[in-house]
Amino acid sequence: MEIYMAPLRGITDCIYRTTFLRYFKGVDRVMAPFISSLSAANGTRRIKPAYLRDISPENNKNTELIPQILSNDPDDFLFTAQHIFNLGWPEINWNLGCPSPMVTRKKRGSGLLPHQGQICRVLDAVMARYPERISIKTRLGLDSAAELYRLLPILDQYPLTEIIIHPRLGCQMYKGRADLEAFQNCQPLTRHRLVYNGDITDQDSYSRISQHLPGVKRLMLGRGLIADPFLSTGLKAGGLCLKSDSDRDILKSFLDDLLQQYQGRLCGDSHILGRLKGIWRYLAVIFEDSDKVRKKITKTKKLNNYTEMVKSIFAETPFSS
Ligand SMILES: Cc1cc2nc3c(=O)[nH]c(=O)nc-3n(C[C@H](O)[C@H](O)[C@H](O)COP(=O)(O)O)c2cc1C
């Protein structure tokens with residue numbers, strides 16, 4: 001089994017990714033959150049320096065990183081791809097999954113899925129330059145799974161590396177469950193390798209998915225991995241174990257390390273706390289009474305309150321079983 005860390009914009013930045021890989025095992029490949037270019041009125045394009053810093057090799061030293069592009073235009077994609085390939089990364093992922101209305105309204109992310117002609121125009125240009133170096137991460141469609149069912153056979157003509165499917169519709173955002181039958185329907189429609197992504201949070205959800213999709217050997221973990229950073233180790237070991245005292249120490253050291261690095265990189269308590277609270281939004285479920293834990297962290301306004309709060313949570317609150 002190969003495990004990928006999913007991209008989560010606002011959470012899995014280079015500090016989170018590289019620190020995670022130093023403390024936890026089981027993740028084989030890591031995808032960075034999407035980047036896109038900005039175009040000025042005079043037609044020139046640029047990429048925000050912060051985006052390039054996040055995927056620079058110096059900031060991703062222990063990582064087999066797959067940067068991701070959000071785009072719906074051949075020239076724009078090629079411009080961004082060239083910057084990324086110049087950094088030395090072997091592969092880029094194309095985001096056809098983002099469900100945010102701000103993105104889909106512009107026919108980007110899952111908003112491009114109903115527009116197959118435009119998808120082909122982008123791929124014709126990009127594949128001519130970069131065969132075997134592009135993968136796609138997609139949802140089932142914006143409004144209907146028929147969109148992906150129609151698209152998959154068309155994608156057979158392109159030399160993609162693989163397709164990662166999160167089997168929800170864009171219009172669902174994160175509501176409902178990942179649709180395992182729809183993923184199954186996709187399997188015979190493509191010659192490309194498929195990676196499964198969606199709702200793997202523990203041993204039970206993993207077992208349900210692997211029983212339903214026995215041929216799938218590659219999994220991408222998102223929110224479940226942020227909530228339980230031991231998830232990838234447990235799945236690789238063939239079963240999640242009860243967490244030990246030393247696991248508590250590892251998790252605490254991981255969080256302390258993140259805090260220290262964010263303090264070195266970001267300015268101002270609220271900025272740093274924003275990052276950490278984004279992680280705790282998911283991580284709180286590793287503790288009993290997770291709503292209370294989440295609330296305690298959310299209400300901290302200064303870094304010293306945060307540090308005290310984390311200390312007291314680790315001293316007093318058992319992990320959930
Ligand atoms: C806060 C947040 C940010 C995300 N950012 C990205 C992104 O930049 N690129 C992307 O392809 N998917 C992004 N996703 C989607 C995840 O990568 C993943 O596909 C989704 O959460 C489903 O997987 P999960 O159920 O394992 O979390 C994001 C999801 C969340 C919740």
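This is a predicted model: local features need pLDDT of at least 70, side-chain atom pairs count only at pLDDT 80 or more; totals for chains, interfaces and linings use all residues.

Me: OK, which strands does helix α5 lie across?
Reply: Helix α5 (residues 116–129) lies across β6 and β7, at about 175° to β6. Angles run from 0 to 180 degrees between N-to-C directions, with axes fitted to C-alpha atoms, for helices over the stretch in contact. Helices (H or I, at least four residues) and strands (E, at least two) are DSSP runs, numbered from the N terminus.

Me: And α6, what does that touch?
Reply: α6 packs on the sheet against β7 and β8, its direction making about 155° with that of β7.

Me: Is β7 buried or exposed?
Reply: Eight of the eight residues of β7 (residues 134–141) are buried, so the strand is largely enclosed by the rest of the structure. Buried is under 20% relative accessible area, exposed over 50%, partly exposed in between (1.4 Å probe, protein chains only).

Me: How does β7 pair with β8?
Reply: In the parallel sense, over five bridges; pairing takes at least two DSSP bridges between the strands. R139 has H166 in β8 as its bridge partner.

Me: New topic: what is T317 in contact with?
Reply: Leaving aside neighbours within four places in sequence, T317 contacts R248, F287, E288, V293 and S312. T317 is buried, at 12% relative accessible area.

Terms used. Residues are numbered from 1 along each chain as its sequence is written. Side-chain values use heavy atoms; hydrogens and water are left out. Contact means heavy atoms within 4.5 Å.
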